[in-house]
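Me: I should like to learn how to read the features of a structural model. Please take me through the example shown here.

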Amino acid sequence: MRSLTVLSIAAFLIGLASCGPGNGLNLARVSGTVSLEGEPLKNGTVMFEPDESKGTTGPQAVGTIMPDGTFIMSSQSAGDGAVVGFHRVGILGLDENPSVDVPMPDIEEDPLAYLAAKDAAVSKSIRQNAKGGQATVSGLDGKSFRVLVPEQVTSTSTSGIVVEVTRGSNTIHLNIKEDGSVETN
């Protein structure tokens, strides 16, 4: 009878450990600001990709840049942060106002027409960028936004930005320079 009680308690503790926030990830809260030449970016996305070359593994974290230039990183749920360790960072800074409002077919009424219009908008953006025009990003709603940051900072693989997330709460400030370099603190 005693061994059955011990087994029951052990099973209960194992079940308790697998529930809730104990998902095996070592996450820490991360917030901060993004600026371009000292002025807050007002729209866009910050991406943290765990740097496996430095031993950090786990899911990517993403943060939306708010109108005051602030962001809060999320990995699996809103505001839960990023995996503790080193991350390569990408920043997609966009104009706060759409540059072109392309009428898009309703996705539910005509999905194929919607996809064709979306492909055309993306192709146009790529052609403009290839010809030295201003790069744009189109949303699912068909609105295009001008990219404000140098191209190399938009990707975690080309930005050269690496930050460390430590246990607890982290505040990271990213100031993008015109030449594509980024000051972190």
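Me: Does Asp 95 count as buried or exposed?

Reply: Buried means under 20% relative accessible area, exposed over 50%, and partly exposed in between (1.4 Å probe, protein chains only). Asp 95 has 19% relative accessibility, so Asp 95 counts as buried. This is a predicted model, in which local features need pLDDT of at least 70, side-chain atom pairs count only at pLDDT 80 or more, and totals for chains, interfaces and linings use all residues. Residues are numbered from 1 along each chain as its sequence is written, and side-chain values use heavy atoms, with hydrogens and water left out.

Me: Where does Asp 95 lie, and which residues is Asp 95 in contact with, leaving aside neighbours within four places in sequence?

Reply: Helices (H or I, at least four residues) and strands (E, at least two) are DSSP runs, numbered from the N terminus. Asp 95 is located in the loop between S7 and strand S8 (100-101). Contact means heavy atoms within 4.5 Å. Once neighbours within four places in sequence are set aside, Asp 95 contacts Asn 43, Phe 145, Arg 146 and Leu 148.

Me: What is the average pLDDT of the protein chain?

Reply: pLDDT is the predictor's confidence in each residue, from 0 to 100. The protein chain averages 81, and 71% of the residues score at least 70. Over residues 1-20 the pLDDT is below 50, and this stretch has 1 contact in the model beyond near neighbours in sequence. Residues 125-132 also have pLDDT below 50, with 7 contacts beyond near neighbours in sequence. Where pLDDT is low, the predicted coordinates should not be read in detail.

Me: In what order do the strands of the open sheet stand?

Reply: Strands of a sheet pair through backbone hydrogen bonds, either parallel or antiparallel. Two strands count as paired if DSSP finds at least two bridges between them. Here 4 strands form an open sheet in the order S4-S3-S7-S11, with antiparallel pairing. Strand S4 (61-65) and strand S11 (161-165) are at the edges with a single partner strand each, so one side of each has no neighbour in the sheet. From one strand to the next, the twist averages 30°; such angles run from 0 to 180 degrees between N-to-C directions, and the axes are lines fitted to C-alpha atoms, for helices over the stretch in contact.

Me: How many bridges join strand S3 to strand S7?

Reply: There are 7 bridges between strand S3 (residues 44-50) and strand S7 (residues 85-93), which run antiparallel. Thr 45 stands opposite Leu 92 in S7.

Me: Which residues touch the most other members of the largest nonpolar core?

Reply: In soluble globular proteins, nonpolar side chains tend to be buried together. A nonpolar core is a set of buried Ala, Val, Leu, Ile, Met, Phe, Trp, Tyr and Cys residues joined through side-chain atoms within 4.5 Å. The largest one holds 26 residues, of which Val 30, Val 34, Val 46, Phe 48, Val 89, Ile 91 and Leu 174 touch the most other members. Two or more residues each come from strand S1 (27-36), S3, S4, S7, S11 and strand S12 (169-176). Leaving aside neighbours within four places in sequence, Phe 48 is in contact with residues including Val 30, Met 73, Val 89, Val 163 and Ile 172.

Me: Is Ile 72 buried or exposed?

Reply: Ile 72 is exposed, with a relative accessible area of 52%. Ile 72 belongs to strand S5 (residues 70-72). The C-alpha atoms of Ile 72 and Ser 31 are separated by 4.3 Å, although 41 residues apart along the chain.
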